[in-house]
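Let us sit down with a structure and read it together, one feature at a time.

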Amino acid sequence: MQRRLAAGLALLFAGAIAAGPAASGVRAAGATVTIPGDAYMPAAVTIDAGQTVTWINKDTDPHVSTTVPGTPAAFTLVHQAGKVVSHKFTKPGIYPYYCLDHATFNTALRRVQARKEADEFPIAMEGLIVVKGPGLTGAPGVAVKIGADGYAPDVAAVRAGGKVTWVNDDRTEHTAIFVKAGAPKLTLAPGKSASATFAKPGIYFFYDERFATYNSKYGLAAAKKGAPHFPIAMQGYVVVL
Ligand SMILES: [Cu+2]
């Protein structure tokens, strides 16, 4: 524990050196994600096309970030313990990604799930990068289908002022609880739908409080024991462009 803490501080210092140019007044181009353990902080970031995301691995373990299938451009990045890795994004779009060492991609459900041995299990080591630019224009409206499997799509992109409608096709009640102040908290009886309009651009995380709990440290949900697809949490994002 002592040794781990000392190593962590040394790595933190190394990270500060690596991040030097931004600190010395050069405009920071992009976003920084910290890896404190088996998690990405923050989980979701927004950049412009042409900018970079920089990951600072403050953990004493390595991690391997990779995109889920279907992103505009795939990447796989190795984060050695204590190292800083940057990746430039040229193609606008939405990039969900996860750590190969601590999570897997469930192709049937099209969702990331935590490996049992991950420190934050059942919270999956997963993140979201929104790369703004030409071609990434949200829809005026998106329908999100709710089943026992989760939300489909789990990332809904709308333009500012756009409307998202949740349709509960399941036989049990579900919710869509947003964590940002002023964002909606929706409860949907079986067969019912509910809509919300999003005026301000941003990334809005939501989850189903019936089957998951919100972890404010990581900005992600943890599936409740007994949830239909435990350890996959019933969660999603509305991306307002
Ligand atoms: Cu990892």
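Q: How many helices and strands does the protein have?
A: Keep in mind that this is a predicted model. The protein has two helices and 21 strands. Of its 241 residues, 34% count as buried. Among contacts between residues at least 6 apart in sequence, 57% join residues at least 24 apart.

Q: In what order do the five strands of the open sheet come?
A: The general idea is that strands of a sheet pair through backbone hydrogen bonds, either parallel or antiparallel. Here the order is E3-E11-E8-E5-E6, with mixed pairing. Strand E3 (44-48) and strand E6 (76-79) are at the edges with a single partner strand each, so one side of each has no neighbour in the sheet. On average, neighbouring strands of this sheet are turned by 25° against each other, direction ignored.

Q: How many bridges join E5 to E6?
A: Strand E5 (residues 63-67) and E6 run antiparallel and are joined by four bridges. For one example, Val64 has Val78 in E6 as its bridge partner.

Q: Which residue takes a positive phi in the hairpin of E9 and E10?
A: That is Arg110, with phi near 55°, in a hairpin that has four residues between the strands. The value is positive although Arg110 is a residue other than glycine. Arg110 counts as partly exposed because it has 16 C-beta neighbours inside 10 Å. Strand E9 (residues 103-106) runs antiparallel to E10, and four bridges join them; Ala103 has Ala114 as its bridge partner.

Q: Which way do the residues of strand E10 point?
A: Arg111 and Gln113 point one way, Val112 and Ala114 the other way, and all are buried.

Q: What is omega at the cis peptide bond from Ala152 to Pro153?
A: Omega is near 0° there, and Pro153 is in the loop between strand E13 (150-152) and strand E14 (155-168). A cis peptide bond also joins Phe230 and Pro231, with omega about 10°. Pro231 is found in the loop between strand E20 (220-223) and strand E21 (235-240).

Notes: Residues are numbered from 1 along each chain as its sequence is written. This is a predicted model: local features need pLDDT of at least 70, side-chain atom pairs count only at pLDDT 80 or more; totals for chains, interfaces and linings use all residues. Two strands pair if DSSP finds at least two bridges between them. Axes are lines fitted to C-alpha atoms, for helices over the stretch in contact, and angles run from 0 to 180 degrees between N-to-C directions. A residue is buried if 20 or more other C-beta atoms lie within 10 Å of its own, exposed if 12 or fewer, and partly exposed in between; C-beta atoms are placed from the backbone. Two residues are in contact if their C-beta atoms, placed from the backbone, lie within 7 Å.
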